[in-house]
Amino acid sequence: MGNGSLFFIMKQFKLLKERAGKWRQRYVDADTGRFFFRRDVPQRYPFNGLHLLSVANESQLCKMLDVKLKAMSEFIHHPSYTMFEISKKKGGKRTIEAPDEDLKEVQRRLNYYLNAYYLMIKPASVFGFVIQPKENGRYCAIAENARPHVGKKQVLNIDIKDFFPAIKAGRVKALFTSEIFGYNEHLATLLALLVTHKGALPVGAPTSPAIANFICYPLDMELMAFCSDHGLTYTRYADDLTFSAEETIDTDDILDIVSIINSHHFAINEKKFRIRSAHQQQMVTGVVVNRKVNIDRKLIRRVRAILHDIQLNGLIAATMRHLRIDEMPDDAAISYFSRRTVGLVNFIGQVKGPKDPVYLRYKRILDDLFPSYVSSPKTYF
């Protein structure tokens with residue numbers, strides 16, 4: 001490492017130490033004044049997290065994201081999104097707000113730094129939308145989220161209602177001015193406008209999952225402490241919260257859990273609230289956990305039907321049918337459906353293993369349909 005790079009790193013450390021206030025206690029040893037980080041996180045992630053935290057004004061933000069000030073102003077004041085609706089499995093519609101390519105690229109760059117910082121502070125209970133460093137091996141986060149609940153007597157599933165839309169721009173701004181980031185009002189407002197649309201986190205922006213994870217940090221910490229005190233296991237994957245117990249989950253504990261969630265300004269989706277005992281099929285984020293982590297047969301059949309539809313009728317017709325779109329879908333909807341289909345097949349391979357015959361059969365179809373999307377999953381079970 002050259003002297004220039006070392007000087008830059010030391011400068012970032014100094015800026016963080018000056019700005020972080022109470023939050024710096026997480027990174028600074030009280031006795032030595034030296035910075036410390038999670039030992040399982042490769043060095044580049046803390047460095048990029050510190051880079052994000054050291055940003056003090058609009059010009060520095062533009063430099064970090066490699067975007068001109070004029071273009072940033074356009075993204076802030078005139079954001080361009082393509083909006084379309086898809087049907088939910090159990091009724092109703094979900095609005096997807098996909099930013100245009102230029103805005104999406106800037107959000108992707110910001111998301112890289114956001115995820116690097118979140119990795120430094122991530123609670124052990126969180127598995128969704130988190131960077132998986134290659135040095136630690138690639139694995140299926142959904143399967144890892146389900147694994148702690150395998151073989152439990154009872155499993156409680158709670159879903160947060162309208163997860164991204166429930167996180168309003170004012171709340172995002174408050175996050176950026178909080179001790180987690182410590183930004184000034186102007187910078188916090190700019191960032192909040194960059195990552196929100198129509199006053200809330202958009203479903204479809206690259207930054208929404210990371211921002212939601214930061215917003216949920218206090219909730220995760222409180223639920224982890226509660227579950228530790230009450231003999232429960234807790235994990236969260238995005239808006240899916242799962243609790244399990246070796247014995248039955250007490251009704252008072254359930255009421256307390258719901259109260260904690262509500263106190264953090266989230267509402268429960270009552271349609272997806274369920275508790276399952278060992279003699280029933282216990283599911284965690286689409287994975288069966290009764291005896292081992294496994295794929296639900298309904299998902300296998302659904303993916304088979306989607307692939308058959310694409311082969312038989314073409315991508316456009318399949319997009320319309322499976323997203324339940326009445327009109328000719330635009331490029332954003334087709335891209336969303338394609339990526340989701342590939343993601344489902346890769347998910348099967350990640351959970352069941354890269355040599356599983358069902359996965360290999362589906363992957364051969366994907367190799368012909370979407371060759372640029374397909375990646376071979378690796379498992380570390």
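Tyrosine 112 counts as partly exposed because its relative accessibility is 38% (buried means under 20% relative accessible area, exposed over 50%, partly exposed in between; 1.4 Å probe, protein chains only). The model is predicted: local features need pLDDT of at least 70, side-chain atom pairs count only at pLDDT 80 or more, and totals for chains, interfaces and linings use all residues. Residues are numbered from 1 along each chain as its sequence is written, and side-chain values use heavy atoms, with hydrogens and water left out.

Rings of Phe, Tyr and Trp (its six-membered ring) pair if their centres lie within 6.5 Å; planes under 30 degrees apart count as stacked, over 60 as edge-to-face and the rest as tilted. The count by this rule is 13 aromatic pairs. Tyrosine 112 and tyrosine 113 form an edge-to-face pair, because their ring centres are 5.6 Å apart and their planes stand at 85°. Tyrosine 113 is buried, at 13% relative accessibility. Phenylalanine 163 and phenylalanine 266 make a tilted pair, with 5.8 Å centre to centre and 40° between the planes. Phenylalanine 163 lies in the loop between β3 (154–159) and α7 (169–177), and phenylalanine 266 in the loop between α11 (251–263) and β6 (274–277), so this pair ties together parts 103 residues apart in sequence. Helices (H or I, at least four residues) and strands (E, at least two) are DSSP runs, numbered from the N terminus. Phenylalanine 163 is buried at 7% relative accessible area, and phenylalanine 266 is buried at 4% relative accessibility.

Ring pairs also link Tyr117, Tyr118, Phe176, Phe181, Tyr183 and Phe214 into a cluster.
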